[in-house]
Amino acid sequence: MGLLKKFKTGVSNYIRHTDWLLLLLCTAAAAYGCLLVYSTAVTDGRGASDYMIQIAACGMGIVAAVVISKIDYDLICRCWPILSGVSILLVVLTLAGLGLNVGGTDDTAWLGVPIGGGRYITFQPAELMKITFIISFAHHLSKVREHINELKTVLLLGLHGMIPIGLVFLQGDDGTALVFICIFASMMLAAGLRPLYFLLALIAGGAMVPLVWSHLDADKQARFLSLIFVDEYLADEGWQQYLGLTALGSGQLSGLGFLQGGNIGGYTLYARNNDFIFTVAGEEFGFVGAVLLLLLLLGIVLVLLRDALKARDFQGMLLCAGIMSMIGFQSLINLGMNLRLLPVIGITLPFFSRGGSSVATLFLGIGVVLSVHYSSRVRVRETIFTKRPSA
């Protein structure tokens with residue numbers, strides 16, 4: 001009876017102190033994403049595995065988030081060498097001849113997990129490395145908080161950030177490298193780095209633009225130029241974004257209807273289940289569906305901001321800020337691609353785009369935030385690793 005009572009008490013405490021709003025918003029976004037992925041699988045003629053993996057990944061991710069939320073985030077951060085080591089090793093394997101190109105991409109950022117019959121499930125290690133980087137960097141920043149504006153400390157923090165950025169850049173995944181840069185800069189800002197350092201970084205970055213531009217291949221240069229010279233590049237690099245905007249506009253207020261999209265004047269938009277999933281929402285559910293998608297993402301970001309502000313300590317705040325910046329910037333970049341405000345660089349829309357490894361690892365990050373929130377609500381933590389002291 002004593003064990004049963006403790007279990008009931010633990011469940012009661014979890015129900016009362018868990019951030020149900022965040023979990024509900026993320027689950028709703030993932031469910032909406034599964035609906036959109038299912039639609040693209042049916043209308044584009046792909047098999048059931050296209051959406052079944054997505055559904056399974058969402059389910060496992062939600063379960064993992066709940067489990068992680070019961071683990072003290074201090075313990076999670078103390079395990080950063082193991083977590084970072086595993087994720088970095090997996091990324092290195094993609095550079096050691098085991099990397100795969102998936103869906104016509106031009107980078108070898110995936111690993112294949114054999115499932116028999118010559119088939120395999122692909123996994124993108126960089127998605128896991130986003131979460132482990134946020135954990136390790138939050139721990140690093142919390143340790144050097146008092147000296148964060150010293151040059152030596154800034155250089156060491158910069159070296160820490162360059163490890164994942166450099167690895168994904170070597171994979172050829174420029175979009176993910178950009179997301180890592182945004183996470184790094186946001187966490188440095190949240191940690192209290194002086195604005196002077198950001199100004200110097202902007203000046204240095206601006207000075208390097210001509211050099212970087214000269215080293216871009218013709219295709220990547222054309223993606224930028226197509227935003228300015230729309231008509232000139234419309235038939236080539238600008239065609240995909242043109243079809244995306246046409247699909248969005250065709251939905252008007254209430255959309256063409258579920259499973260009625262995918263045919264844009266006889267053409268099919270490439271990667272509409274992934275990078276251009278936002279256009280599917282606009283095409284099939286119209287302005288209403290597109291706004292609902294945006295509100296879900298905005299709600300998630302705002303709740304993450306609230307959790308960051310209410311965290312019990314500096315490290316917890318940085319963890320929430322890191323996850324918030326990852327979801328926020330990745331969403332802005334993806335939406336910019338869909339609306340022809342930014343070049344197409346291969347960035348998925350969090351919780352919505354097809355990708356089992358992406359959505360599952362997102363929920364791992366949400367689990368860490370739930371742990372921070374739970375800790376901020378209770379005076380003495382009761383987790384699966386610690387017990388409440390007896391009276």
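## T18 and its surroundings

Apart from neighbours within four places in sequence, T18 is in contact with L370, H373 and Y374, where contact means heavy atoms within 4.5 Å. T18 sits in the loop between α1 (2-17) and α2 (20-43). The helices named here are DSSP runs of H or I of at least four residues, numbered from the N terminus. T18 counts as buried at 6% relative accessibility; buried means under 20% relative accessible area, exposed over 50%, and partly exposed in between, with a 1.4 Å probe and protein chains only. T18 and S375 are 357 residues apart along the chain, and their C-alpha atoms are separated by 9.2 Å.

This is a predicted model, in which local features need pLDDT of at least 70 and side-chain atom pairs count only at pLDDT 80 or more, while totals for chains, interfaces and linings use all residues. Residues are numbered from 1 along each chain as its sequence is written, and side-chain values use heavy atoms, with hydrogens and water left out.

The 19 residues of α6 should span 27 Å at 1.5 Å a residue, and its end C-alpha atoms are 27 Å apart, so the two values agree. The expected span of a helix is 1.5 Å times one less than its number of residues. Because 17 of the 19 residues of α6 are buried, this helix is largely enclosed by the rest of the structure.

S136 is found in α6 and is buried, with a relative accessible area of 4%. The side chains of S136 and H160 are joined by a polar contact of 3.1 Å. A polar contact is a pair of N or O atoms within 3.5 Å; within protein, one must be able to donate a hydrogen and the other to accept it, and residues adjacent in sequence count only if both atoms are side-chain atoms. With neighbours within four places in sequence set aside, S136 is in contact with W80, S84 and H160.

## Helix α8

Helix α8 covers residues 174-190, which makes 17 residues. The distance from its first C-alpha to its last is 24 Å, close to the 24 Å expected at 1.5 Å a residue.

The buried residues of α8 are G175, T176, A177, V179, F180, C182, I183, F184, S186, M187 and M188. Their cover includes α6 (125-143), α7 (151-171), α9 (195-215) and α14 (314-338). After α8 comes G192, with a positive phi near 100°.

## The cavity

The model has one cavity of 30 Å³ or more. A cavity here is a set of points, on a 1 Å grid over the protein atoms alone, where a 1.4 Å probe fits but cannot get out; lining residues have an atom within 4 Å of a point. Grid points are joined across faces, edges and corners, and a volume is the space filled by probe spheres set on the points. The largest cavity holds about 40 Å³ of space.

Its lining consists of E127, K130, I131, M326, Q330, S358, T361 and L362. At least two lining residues come from each of α6, α14 and α15 (356-377). By class, the lining has three nonpolar, three polar and two charged residues. In this scheme Ala, Val, Leu, Ile, Met, Phe, Trp, Tyr, Cys and Pro count as nonpolar, Asp, Glu, Lys and Arg as charged, and the others, Gly among them, as polar.

## Loop residues

D72 is found in the loop between α3 (49-69) and α4 (73-78). D72 is buried, with a relative accessible area of 14%, and its side chain reaches the backbone nitrogen of D74 at 2.9 Å.

A271 counts as buried at 17% relative accessibility. F351 is buried, with a relative accessible area of 1%.

## V66 in helix α3

V66 belongs to helix α3 and is partly exposed, with a relative accessible area of 30%. Not counting residues up to four places away in sequence, V66 touches Y14 and L23. V66 and L297 are 231 residues apart in sequence and 20 Å apart in space, C-alpha to C-alpha.

Conventions. On a 1 Å grid over the protein atoms alone, a cavity is a set of points where a 1.4 Å probe fits but cannot get out, and a pocket is an open set with protein on both sides within 12 Å along at least five of seven lines; lining residues have an atom within 4 Å of a point.
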